[in-house]
Amino acid sequence: MDFFWIFLMISALQPIVSRKLLEAARQRMIAKIERKRDSRVIVLIHRQETMSWLGFPLVRYIDINDAEEVIRAIQLTDPNVPVDLILHTPGGLVLASLQIARAIHHRPGKVTVFVPHYAMSGGTLIALAADEIVMCRHAVLGPVDPQLGNRPAASILRVLSRKQPADMDDETLILADVAEKAVDQVRQAVQELLSDKMPSERAAEVSRLLSEGTWTHDYPLTADKASEIGLPIRTDMPEEVIQLLQLYPQNRQGGSVEYIPAPYRQHPAEKG
């Protein structure tokens with residue numbers, strides 16, 4: 001029975017110890033990046049995209065708490081100290097995303113956003129505020145067109161343009177009015193964030209492309225595509241940022257991808 005209770009206590013403590021070790025490893029990697037780049041590193045990573053509890057999906061996204069924490073970290077940093085923001089997120093609330101983006105936009109010091117895998121929707125809105133966006137070659141950003149419930153605001157407006165108001169009910173007309181305001185507000189916000197990075201005419205065109213439903217909301221804007229439309233993109237992603245992302249594993253039982261976690265290189269004798 002003594003062994004049983006010892007085993008039970010170890011089993012109960014093991015998740016706590018594992019979490020503390022993982023948190024310590026994250027702090028060490030963040031400190032390593034800060035020393036290497038002489039910057040303040042802020043991490044905004046949402047990894048619970050596919051979690052569920054009792055059959056109900058639990059989705060993490062950018063919320064007001066995230067905005068409070070990121071802005072607080074920025075306030076604790078000397079205005080001239082560079083900030084490196086590591087982003088991995090499916091998006092979130094426009095309000096929270098814009099609060100973070102404007103806090104970045106108004107900083108005198110350089111801000112670099114790192115996107116090792118994806119920063120969609122609100123994540124892209126934040127990235128647009130940075131002086132530089134560093135992406136892995138296969139990482140993606142996404143359009144920032146607002147969504148009303150599960151409907152794209154731009155699509156609601158297109159329906160309005162194809163039907164006569166007399167043929168639509170009051171609910172649809174109200175929804176279209178809100179959609180028009182939402183698209184216009186986001187377009188103006190994007191243009192504001194890009195105003196110091198490109199000529200005003202180009203900023204207006206890019207803001208239109210990203211906010212007015214040019215693509216579907218989940219359309220992947222690769223590094224090449226984002227660079228093509230004029231965003232300040234680089235692809236020299238530091239290896240330490242990739243290693244840091246791996247310290248935020250998906251919180252689920254098991255996984256669908258497995259491999260030996262070591263770099264494989266061809267032996268010189270095997271070449272040719």
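These legends accompany close-up views of a predicted model.

**View 1. Helices H6 and H7 pack against each other.** Let's begin with a helix pair. Helix H6 covers residues 170–194 and helix H7 covers residues 200–211. Their axes are 8 Å apart and form an angle of about 140°. That angle makes H6 oblique to H7, since angles over 145 degrees would count as roughly antiparallel. As for handedness, the crossing of H6 and H7 is right-handed.

**View 2. The residues where H6 meets H7.** On the H6 side, the contact is made by Val-183, Val-186, Arg-187, Val-190, Gln-191 and Leu-194. Facing them from H7 are Ser-200, Ala-203, Ala-204, Val-206, Ser-207, Arg-208, Leu-210 and Ser-211. Sorted by class, this contact of H6 with H7 holds 8 nonpolar, 4 polar and 2 charged residues.

View 3. Look for His-46 in the loop between strand S1 (40–45) and strand S2 (51–53). Beyond its neighbours within four places in sequence, His-46 touches Arg-60, Tyr-61, Ile-62, Asp-66, His-88, Thr-89 and Pro-90.

**View 4. Polar partners of the His-46 side chain, Asp-66 and Tyr-61.** The side chains of His-46 and Asp-66 are joined by a polar contact of 3.1 Å. With Tyr-61, a polar atom of the His-46 side chain lies 3.5 Å from the backbone oxygen. His-46 and Tyr-61 are 15 residues apart along the chain, and their C-alpha atoms are separated by 6.4 Å.

**View 5. Asp-38, a non-glycine residue with positive phi.** Asp-38 sits in the loop between helix H1 (2–37) and S1. Its phi is about 55°, although Asp-38 is not a glycine. Asp-38 is exposed, because its relative accessible area is 61% and the class begins over 50%.

**View 6. Ser-121, also with a positive phi.** For Ser-121, turn to the loop between strand S6 (118–119) and helix H4 (122–128). Phi of Ser-121 is near 50°, a positive value in a residue that is not glycine. Is Ser-121 buried or exposed? At 14% relative accessibility, Ser-121 counts as buried, whereas Asp-38 is exposed.

How values were computed: Residues numbered from 1 in each chain as written. Predicted model: local features only at pLDDT ≥ 70, side-chain atom pairs only at ≥ 80, totals over all residues. Heavy atoms only, no water. Axes fitted to C-alpha atoms, helices over the stretch in contact; angles between N-to-C directions. Helix = DSSP H or I, 4+ residues; strand = E, 2+ residues; numbered from the N terminus. Parallel < 35°, antiparallel > 145°, perpendicular 65-115°, else oblique. Left-handed = near helix turned anticlockwise from the far one by under 90°. Contact = heavy atoms within 4.5 Å. Nonpolar A, V, L, I, M, F, W, Y, C, P; charged D, E, K, R; others polar. Polar contact = N/O pair within 3.5 Å; in protein donor to acceptor, adjacent residues only side chain to side chain. Buried < 20%, exposed > 50% of the residue type's maximum accessible area, 1.4 Å probe, protein only.
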